[in-house]
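Open the model in your viewer and keep the sequence panel beside it. The tour goes from helices to pockets and then to single residues.

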Amino acid sequence: MGPNGLFLENAVKTGVNIAEIDTVVISHGHVDHAGALALFLQHNGSAKIYIRESAFDKHYAKVLGLPFSVGLNSSLKGDKRLIFTGGVEVIDDELTLFSDVRVNGLTPSSNKALLAEINGKKRLDDFKHEQNLLVAEGGKVVLFAGCAHAGIVNIKERAKQLADGKPMEIIGGFHLYNPISKKHESKELVDKIALKLDDVETRYYTCHCTGQRAYGIMKEKLKGNLEYLSAGGEIEI
């Protein structure tokens with residue numbers, strides 16, 4: 001949904017009727033992903049909205065050492081259309097949500113600038129409020145990751161377990177660029193991630209917080225298995 005009403009303008013341009021949407025998945029509790037939740041609720045009266053309850057905790061990003069709020073509007077937490085999800089949430093035969101990702105390194109260094117308020121104290125965010133979506137249809141499995149704060153390699157490993165090892169298409173941001181500090185992740189880290197992701201069975205479509213520099217580095221390794229996806233783009237799977 002993004003931080004403002006641009007998603008409504010994009011919906012008009014792409015022929016999407018917001019009022020007809022019946023299922024919403026919010027990846028995590030940052031304003032750039034669901035800051036416009038109130039607007040969505042105004043334009044849609046029936047959709048079920050799947051979100052981690054902790055997504056409504058207070059979240060911050062450090063800028064020049066000072067914490068600035070990047071959290072969601074907590075007053076929306078009581079809306080009856082919200083469904084708070086668990087570690088693994090099976091919606092139906094096609095849709096499964098999961099947030100129980102085991103983190104084994106290869107996470108964005110920019111995570112160190114992101115905080116969550118727990119028991120009144122600001123601490124490094126553990127990203128338990130981040131969830132990912134598996135869509136299974138026609139023998140195919142697609143993984144949607146919002147920002148991959150838990151690390152796209154770690155998320156993929158958990159997804160493979162839930163998908164019984166079936167080949168996947170993966171769509172999402174890999175968070176290898178920090179839009180606040182304008183800093184890119186090191187080539188060393190990007191190379192390591194690309195090496196772990198490299199297999200003949202998986203095709204990746206990345207966007208948002210991956211960053212053009214990291215995309216270029218990964219493209220050299222993953223070649224035709226990696227494509228760039230941006231707002232308004234369409235792919236066929």
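A residue is called buried when its relative accessible area is under 20%, and exposed when that area is over 50%. The model is predicted.

**Stop 1: helix α6**

Select residues 212-222, which form helix α6. Colour A214, Y215, I217, M218 and L222, the buried residues of this helix. Now look down the axis of α6: these buried residues fall within an arc of 165 degrees, so they line one face of the helix. Turn to the other side of α6, where Q212 and E220 are exposed.

Next, show what lies over the buried residues of α6. The cover includes helix α5 (187-197) together with the strands β15 (203-206) and β16 (226-228). Then step past the end of the helix to K223, which follows α6 and has a positive phi, near 50 degrees.

**Stop 2: helix α1**

Which residues of α1 are buried? Select residues 6-14 and pick out F7, L8 and A11, which are buried in this helix. Viewed down the axis of α1, the buried residues fall within an arc of 105 degrees, so they line one face. An α-helix has 3.6 residues a turn, so residues three or four places apart point the same way. V12 and K13, on the other side of α1, are exposed.

Just after α1 comes G15, with a positive phi of about 75 degrees.

**Stop 3: the largest pocket**

The largest pocket has a volume of about 1900 Å³, and α1 gives the largest share of its lining, five residues. In total 39 residues line this pocket; to find its centre, select M1, F7, V25, F144 and A231, which lie nearest to it. F7 was also one of the buried residues of α1.

Then colour the lining by element. At least two lining residues come from each of α1, β1 (23-25), α2 (31-34), β10 (132-137), β11 (140-145) and β12 (168-172). By residue type, the lining of the largest pocket has 22 nonpolar residues, 16 polar and one charged.

**Stop 4: the second largest pocket**

Move to the second largest pocket, with about 500 Å³ of space. It is lined by 26 residues, and S110, H175, N178, P179 and I180 are the closest to its centre. Two or more lining residues come from each of α2, β3 (59-63), β13 (177-178) and β14 (183-184). Strand β3 supplies the largest share, three residues. This lining divides into eleven nonpolar residues, ten polar and five charged.

**Stop 5: E188**

Select E188, which lies in helix α5. Is E188 buried or exposed? E188 is exposed, with a relative accessible area of 53%.

**Stop 6: the cysteines**

How many disulfides does a search of the whole structure find? The search finds zero. Show C147 and C209: the sulfur of C209 is the closest cysteine sulfur to that of C147, but at 3.5 Å it is too far for a bond. C147 is buried, at 2% relative accessible area. C207 is in no disulfide either, as the nearest cysteine sulfur, that of C209, is 7.5 Å away. C207 also counts as buried, at 16% relative accessibility.

Conventions. Residues are numbered from 1 along each chain as its sequence is written. This is a predicted model: local features need pLDDT of at least 70, side-chain atom pairs count only at pLDDT 80 or more; totals for chains, interfaces and linings use all residues. Side-chain values use heavy atoms; hydrogens and water are left out. Buried means under 20% relative accessible area, exposed over 50%, partly exposed in between (1.4 Å probe, protein chains only). Helices (H or I, at least four residues) and strands (E, at least two) are DSSP runs, numbered from the N terminus. The arc is that of the directions from the helix axis to the C-beta atoms. Contact means heavy atoms within 4.5 Å. On a 1 Å grid over the protein atoms alone, a cavity is a set of points where a 1.4 Å probe fits but cannot get out, and a pocket is an open set with protein on both sides within 12 Å along at least five of seven lines; lining residues have an atom within 4 Å of a point. Grid points are joined across faces, edges and corners, and a volume is the space filled by probe spheres set on the points. Ala, Val, Leu, Ile, Met, Phe, Trp, Tyr, Cys and Pro count as nonpolar, Asp, Glu, Lys and Arg as charged, and the others, Gly among them, as polar. A disulfide is a pair of cysteine sulfur atoms within 2.5 Å.
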